[in-house]
Amino acid sequence: MSHTKSPLPSSSALLENSAVELRRLIGARQLSPVELLDASIARIEAVNPFVNAVTATCFERARDEARAAEQAVMRGDALGLLHGLPMGVKDLEPTAGLLSTSGSPPFRNHVPSRDIELVARLRNAGGIVVGKTNVPEMGAGANSRNPVWGATGNPFNPNLNAGGSSGGSAAALALDMLPVCTGSDTGGSLRIPAACCGVVGFRPSPGVIPSVRKSLGWSPISVVGPMGRSVEDACLQMAASAGMHPGDPLSHPLDPLSFLDPGTCDLSRLRVAYTEDFGACDVDPVIRAAFRAKIAAMKPLFAVCEEVRFDLGDVHRCFDVLRAEAFVAGMRATYERDPESLGPNPRANYEMGTRMSLLDSAWAQSEQTRIVGRFQPVFEGYDLVLSPTTPVSPFAWTKPHVDVIDGRQQENYYRWLALTYVVTLTTHPAISLPCGSDAQGMPFGLQVVGPFRADRRLLAAARAMEQAFEADAVLRRPRPDATALRAAEPALRSIVTAAPDDVFAHVPNDEASASVV
């Protein structure tokens with residue numbers, strides 16, 4: 001094992017500031033966007049080799065945009081919500097002039113000519129795209145490794161995985177490489193990496209942020225959303241990206257700026273329910289023990305904190321069918337052109353879908369409707385539902401997925417995501433909050449589920465919880481020590497096959513990258 005320590009830039013303390021504080025400093029002319037970008041690039045160059053979170057980059061274009069942002073400040077122009085903030089974009093989202101591979105060999109040279117709506121909104125708000133962040137191939141799975149860019153290591157131990165599919169974004173945030181990163185979530189792709197890396201991942205209600213990439217526009221299971229090092233940072237990104245768009249038929253009129261301040265929440269008045277497993281999920285004893293300790297520590301914060309039981313129906317088969325439908329809709333052209341070009345996870349999902357019938361589809365749609373109904377009674381007596389975010393502590397990145405949990409064989413490569421995909425099926429907003437560490441010394445993620453379509457109420461409660469947790473060593477957010485990083489064994493890029501040499505290409509290619517999350 002290498003014992004070379006990572007050199008840290010002298011400006012590392014600057015990057016520890018929240019995105020909200022960095023934007024305030026820029027607006028007050030106390031921080032130049034150029035200075036901030038230079039610090040971010042230096043940080044990426046220093047620590048990214050240890051975790052492989054940032055993939056394709058566009059540093060020179062970003063420098064041009066940072067200089068223009070600085071000039072706008074000096075002229076006294078009106079500034080956007082993200083003005084001058086360096087930003088990482090999950091590699092499932094198309095970005096103009098910058099490689100957008102989805103981690104899949106058929107798209108290793110895919111350079112879109114246009115930004116997708118999410119990226120366009122964040123750039124219009126002043127965000128400066130610095131690079132893409134790593135994902136599993138086609139977003140399939142919760143271990144961010146693929147044959148184009150390799151694997152992303154955990155910022156607390158690069159030999160372990162960072163979660164997925166927004167694993168690159170989570171690791172980049174945890175190590176202060178970038179103050180703003182995007183994510184997306186079907187079965188837990190925002191929440192799981194946030195839990196693994198000790199940051200915040202918020203899955204909004206369907207339609208709050210338009211998701212124009214999904215092939216099944218009326219499906220509520222896939223959403224895009226923010227990641228951040230704090231709830232406040234997630235709220236900032238929400239304010240810059242929420243709002244109606246015809247590309248997402250589930251989107252609806254709302255006031256994006258209402259997310260800047262979701263309001264106050266008196267925790268002492270909340271009635272909180274908790275569950276270790278939703279009555280349906282396998283959970284490792286280490287995580288059950290950690291969750292019980294966290295609940296014991298936070299119970300005094302609430303008016304009521306009680307365990308509840310659930311019987312939600314056949315959640316696993318329901319998710320199997322709906323997930324397979326999304327893969328069939330999004331990947332048909334790629335699969336029919338060259339199925340061998342796809343990795344085992346996306347192929348498995350596609351082929352599962354081709355074996356299903358209209359009867360399966362109709363049953364799954366009906367069962368999800370029933371699941372939504374079965375979930376509602378808990379909110380007649382409680383304000384929030386708490387659970388672990390993941391059923392296991394982060395495992396070796398060389399292991400594709402979890403095969404066995406608490407002695408029980410998992411049916412497929414994504415069954416271990418059940419704690420989050422059960423919540424996905426309810427369509428309720430959910431957030432993963434950093435909540436201390438587990439017995440392995442790795443970050444523990446607390447999943448907090450809010451009432452139906454009550455995104456702002458959930459964010460207000462999460463912000464209050466985050467502030468309360470900071471005073472308790474058992475509950476406060478753990479932070480990785482970048483000076484202690486060591487090279488992963490084997491190397492994180494060891495599974496790469498002929499990765500692109502030119503990561504900032506200039507020739508547009510408008511072939512759509514079909515991917516799910």
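Let's start at Val474, which lies in the segment after helix H15 (455-469). Helices here are DSSP runs of H or I, at least four residues, numbered from the N terminus. This is a predicted model, where local features need pLDDT of at least 70 and side-chain atom pairs count only at pLDDT 80 or more, while totals for chains, interfaces and linings use all residues. Residues are numbered from 1 along each chain as its sequence is written, and side-chain values use heavy atoms, without hydrogens or water.

Buried means under 20%, exposed over 50%, partly exposed in between, with a 1.4 Å probe and protein chains only. What does Val474 touch? Beyond neighbours within four places in sequence, Val474 is in contact with Lys294, Ala297, Cys435 and Gly436. Contact means heavy atoms within 4.5 Å. Asp438 sits 36 residues away along the chain, and its C-alpha is 9.5 Å from that of Val474.

Next, the helix pair. The axes of H10 (residues 315-337) and H11 (residues 344-354) come within 7 Å and cross at roughly 105°. So H10 is roughly perpendicular to H11, a label for angles of 65 to 115 degrees. Axes are lines fitted to C-alpha atoms over the stretch in contact, with angles from 0 to 180 degrees between N-to-C directions. Residues making the contact include Phe327 and Met331 of H10, and Tyr350 and Met352 of H11.

Last, the core. The largest nonpolar core has 151 residues, and Met177, Leu386, Ile431 and Met465 touch the most other members. Such a core joins buried Ala, Val, Leu, Ile, Met, Phe, Trp, Tyr and Cys residues through side-chain atoms within 4.5 Å. Leaving aside neighbours within four places in sequence, Met177 has contacts including Ile44, Val47 and Val51.

Terms used
Helix = DSSP H or I, 4+ residues; strand = E, 2+ residues; numbered from the N terminus. Parallel < 35°, antiparallel > 145°, perpendicular 65-115°, else oblique.
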